[in-house]
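Trainee: Before I use this model, I would like to go through the terms in its description. Please give the value and the cut-off each time.

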Amino acid sequence: MPLDNFDTRESREREILISAYRHSSTILIIKRANRSLPIIEIILKKNNIPDDFKYLVAAESEYTNMVSPAGATGFWQIMPETGKEEGMEINTVVDERYNVEKSTQFACEYFLKSFEKYGNWTLAAASYNGGRSGIDEQIELQHQNNYYDLLLSEETARYIFRVVAYKLIIEDPVSYGFDIGKADLYPELKYFEVKVDSAISSISGFAENYGTNDKMLK
């Protein structure tokens, strides 16, 4: 980040202050990150995406499988039409946007296409929030191709700074007033996989057969 630029410095400080004083939400983000980041890191590395992109999920969904009012779903907030275009199975029975591994792979492919287009990772990350067409329009109008020199919509203009704020706080929570012991972080989930090759007549019965219940399976 060009921190010699007062606008960049103040934009970053704004997001750090907001995150640092939004205590309950940020504590939960720190706790959840410990559970989710190991899965995301492996897939980013496999696709040669910078490791810091794992913090985009904090800005997108706070490491939860949330659903936005517009219908964007999962850790990476994928819209149904976009997911289907990229070959994800999305219907009333199965929705692969909830699958952390598959949705992270979807995001990686988006980043790679954006990097090929823009030639830098900052705009590639920003395009995930603002869309490539939206970024292209502003580059053409403003004759600038640097994220930090572009006047963008407020959400996209804040996006990279929010991601960086989460990175700083998650990596060094104590420096920002969060004294959370390792034992208090959420551990990775332990599970085993079952191949399903026919219709399941009863989810609750299926779950019980494997020593769990409908709620936990969901």
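Predicted model: local features only at pLDDT ≥ 70, side-chain atom pairs only at ≥ 80, totals over all residues.

Trainee: Why are α6 and α8 called oblique to each other?

Mentor: Angles under 35 degrees count as roughly parallel, over 145 as roughly antiparallel, and 65 to 115 as roughly perpendicular. The value for α6 and α8 is roughly 135 degrees, and the pair is therefore oblique. The crossing of α6 and α8 is right-handed.

Trainee: Which residues make the contact of α6 with α8?

Mentor: On α6 they are T122, A125, A126, Y128, N129 and G130, and on α8 they are E155, T156, Y159 and I160. By class, that contact has five nonpolar, four polar and one charged residues.

Trainee: What makes α5 roughly parallel to α7?

Mentor: The angle between α5 and helix α7 (residues 132–142) is about 15 degrees, and their axes are 12 Å apart. Roughly parallel covers angles under 35 degrees, so α5 is roughly parallel to α7. α5 passes α7 in a right-handed crossing.

Trainee: Which residues of α5 and α7 make the contact?

Mentor: α5 contributes Y110, K113, S114, K117 and Y118, while α7 contributes R132, I135, D136 and I139. The division is four nonpolar, one polar and four charged residues.

Trainee: Why are α2 and α8 described as roughly perpendicular?

Mentor: Their axes cross at roughly 80 degrees and come within 10 Å. The range for roughly perpendicular is 65 to 115 degrees, and α2 and α8 therefore carry that label.

Trainee: How do the residues of the contact of α2 with α8 divide by class?

Mentor: Seven are nonpolar, one is polar and none is charged. From α2, residues T26, I29, I30, A33 and L37 meet Y166, I169 and I170 of α8.

Trainee: What does the secondary structure of the whole chain come to?

Mentor: The chain has 10 helices and zero strands. Read from the N terminus on, the elements run α-α-α-α-α-α-α-α-α-α. Taken along the principal axes, the C-alpha atoms fill a box of roughly 60 × 45 × 30 Å.

Trainee: How much space lies in the largest pocket, and which residues are closest to its centre?

Mentor: The space comes to about 2,300 Å³. The lining has 42 residues, of which Y98, N99, M216, L217 and K218 are the closest to the centre.

Trainee: What makes a residue count as part of the lining?

Mentor: A lining residue has an atom within 4 Å of a point of the pocket. Helices α2 (23–46), α5 (100–118), α9 (203–209) and α10 (214–217) each supply at least two residues of the lining. By class, the lining of the largest pocket has 20 nonpolar, eight polar and 14 charged residues.

Conventions: Residues numbered from 1 in each chain as written. Heavy atoms only, no water. 1 Å grid on protein atoms, 1.4 Å probe; cavity = no way out; pocket = protein on both sides within 12 Å on 5 of 7 lines; lining within 4 Å. Points joined across faces, edges and corners; volume = space filled by probe spheres on them. Helix = DSSP H or I, 4+ residues; strand = E, 2+ residues; numbered from the N terminus. Nonpolar A, V, L, I, M, F, W, Y, C, P; charged D, E, K, R; others polar. Axes fitted to C-alpha atoms, helices over the stretch in contact; angles between N-to-C directions. Left-handed = near helix turned anticlockwise from the far one by under 90°. Contact = heavy atoms within 4.5 Å.
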